[in-house]
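Open your viewer and get ready to click through a few selections. We will go from a whole chain to single residues, and then to a place where two chains meet.

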Amino acid sequence: MNWKYWCWKLVTIVIFIYVFSAGLLIPLKPGIEEILPSRGRAGEKLGLQIKAYNTSFTKGSIEVFIKSRDSFWIKTKDLNIADDRTLSANFNVPNFLPDASSLSQYSIIVSSSYDGAFVIPGKLILSQDSVNLTEAQRLWSGVDPQFASLSKMKFPYRNILYETIRNTFFHVSLWFAMFALLGASVYHSYKYLSTNHLDHDMKAYAQVRTAILFGLLGLATGSLWARFTWGSWWTNDVKLNMAALSMLIYAAYLILRAGISEIDRKARISAAFNVFALIAIVPLIFILPRLTDSLHPGNGGNPAFGSEDMDNSLRKVFYPAVTGFIMLGFWLSGLLYRAEKLHLRIEDRLT
Amino acid sequence: MNNKFLLLWLLPLTAGAQAGEDFMRSSGKIHVVYGVILIIFAGLFAYLIRLDLKIKKLENKQ
Amino acid sequence: MINPSGLIMQQQITFVFMLPLLALLSKEFRNEWRNFYQLGGLLAFLAGECYLIYFFTGKPELRQWNLLYWLTYLFLSFFIGSRVYDEDQTRYRVIVHQLVHPIDLFLSKVIYVFFLLSTVNVLIWLMFALFIPSVHVALGQWLMLCVLLNLGMSVLIAFSSLLNAYAKNNTLFLTVLILPLSFPLLGMTFQTANSLLEGQQFFGELSKIRLIAGTDLMIVALAFFVIPQIVRS
């Protein structure tokens, strides 16, 4: 067995097993889906119905808090657990609120000894008739909550995304793999132009075709994901349009190749087109969405894969997923290249 | 013949669109993740089949 | 032998260097002049289109006006493109390796197409201003935008036409090659033009203008890197 030949392929397989098992089996953190009602008044009783996701309220002891922006807290008077995912919590909202305006936003925090603590920020709106800050601060400062920290690795909970946050590993890494393959294909096209060795062109061709597969899969998976988070199969988002555009450009590459019969001429012209298209146009796919509004993270003022969207638990699966998909892409394109090369060799022998 | 079968395939999809919608959104939208993985595998297998056919043709030539 | 007047020598050299390019260019323009009726046809088309727009919408909104403007531009640039394709189809085969260097041919084509596109741009502007005037815009800035777009488009048309000529193919390539390549340029121009029409200042859109100019630069540089590679065979 040739060690060098199989080593990285085995690594790819291991990475894929890790990505799929970790990406699908690690649970989401618990989170609050909905609270009802979302409005309350100072000095009155407030009965909150809390619907949560991925929780087991029947286990462990539970406390519910209301938190103001400046970290003043009140705690539930009593609570009523309906099932694992719903509970109703009753509060006595004090007469004054720790906020200078009559209407302000408050967060709800549920702390459970079994699930850990989770929050729905700014969802509750409380109103008051008159403002008395010093009195309010006295009324709201009796509580000093202690939260149990969870040691288990879990993916973050996001309100619209739910479990689809796992698609980060599958959908996003497809695009990374596509760009890696395109980059490699341009390198090989350049190599072909400078050395005239047909192997390089065949490599570039195989890589472009694999990249197109990944791009189409990225569009299809993205479209499915968008349907159930943004509400439609296709939104008029810059990033989507640019992705579709790059697919068009590479469709043009394929048509160009199909249109030329002479092998050397075909290689030369398509290599030139490949270098031209990727370097002149594709960078825009990265730059343009940053300048205009986009729904995607990292674009148009949305947070990038920084602190907000990517937490450490996601990263531990996301980076291996990207590496794995890139390696799979090179594996697939390598197979295609070898088949193509065999084809050429057999043709040579026959003629 | 083929077209008819295609249409038969599409029939439950259009008729039960609403039911499908609820299904996709149930259990924390996990079915969307399954759908995404299914698409990826379908694509990879389509690629494999094309490669297979190509190699088959080469074998026949030889 | 040393020439005492090195300056004249240098001028002569530049002149000799420029000669084929100038000859080619003059040939292009003479050809254009001979087919002057085509320009007339273009004008008639524009007038007809404007009348149709006027007939159906009266006075279009700014956004629509802008869209119609650039769509007309796109259509006409395809019209020009198809002509260039037809000419290049034979010309690269005949002239290359015999009379002039293909780079000269390419360069003359770029200049010629740039000139045509600019003319078309002016014509569209005049026609639109005549029939459906709804726009007050800083003309200098609009002109600069058009120049930047025309530059990119002319290089793209000439480049894809060269590819097509070397591929010995038909004009199917025209749409397939030019449209996706020119899409980002056109899209950015459309957006910038939109904000110009809405009365924003040019330099509010500085980043996008810079991007258009950068894309142009990229396209030009790559064309001149890539074409010698194609031509070499």
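Accessible areas here come from the Shrake-Rupley method with a 1.4 Å probe, and for residues only the protein chains shown count as cover. This is a predicted model, in which local features need pLDDT of at least 70 and side-chain atom pairs count only at pLDDT 80 or more, while totals for chains, interfaces and linings use all residues. Residues are numbered from 1 along each chain as its sequence is written, chains are lettered from A and ligands numbered from 1 in the order in which they are written, and side-chain values use heavy atoms, with hydrogens and water left out.

**Stop one: chain A**

Select chain A. Its accessible surface comes to about 16,000 Å², and 57% of that belongs to carbon and sulfur atoms. Colour by secondary structure to find 8 helices and 9 strands (DSSP runs numbered from the N terminus: H or I of at least four residues for helices, E of at least two for strands). Of the 351 residues in chain A, 52% are buried (under 20% relative accessible area; exposed is over 50%, partly exposed in between, with a 1.4 Å probe and protein chains only).

**Stop two: A:Ser104**

Now pick A:Ser104, in strand β8 (residues 103-112) of chain A. Is A:Ser104 buried or exposed? It is buried, because its relative accessible area is 5%. Its side chain makes a polar contact of 3.1 Å with that of A:Tyr106 (a pair of N or O atoms within 3.5 Å; within protein, one must be able to donate a hydrogen and the other to accept it, and residues adjacent in sequence count only if both atoms are side-chain atoms). Beyond its neighbours within four places in sequence, A:Ser104 has contacts (heavy atoms within 4.5 Å) that include A:Arg69, A:Asp99 and A:Leu124.

**Stop three: A:Arg138**

Move to helix α2 (residues 133-140) of chain A and select A:Arg138. This residue counts as exposed because its relative accessibility is 54%. Show side chains to see the 2.9 Å polar contact between A:Arg138 and A:Glu135.

**Stop four: where chain C meets chain A**

Finally, display chain C beside chain A: 31 residues of chain C are in contact with 28 residues of chain A. The two chains bury about 2,700 Å² between them, 82% of it on carbon and sulfur atoms (accessible area, 1.4 Å probe, that two parts lose on being put together, summed over both). On the chain C side, highlight α5 (139-167), α6 (172-197) and α7 (206-231), each of which supplies at least two residues. The largest share, 12 residues, comes from α7(C).
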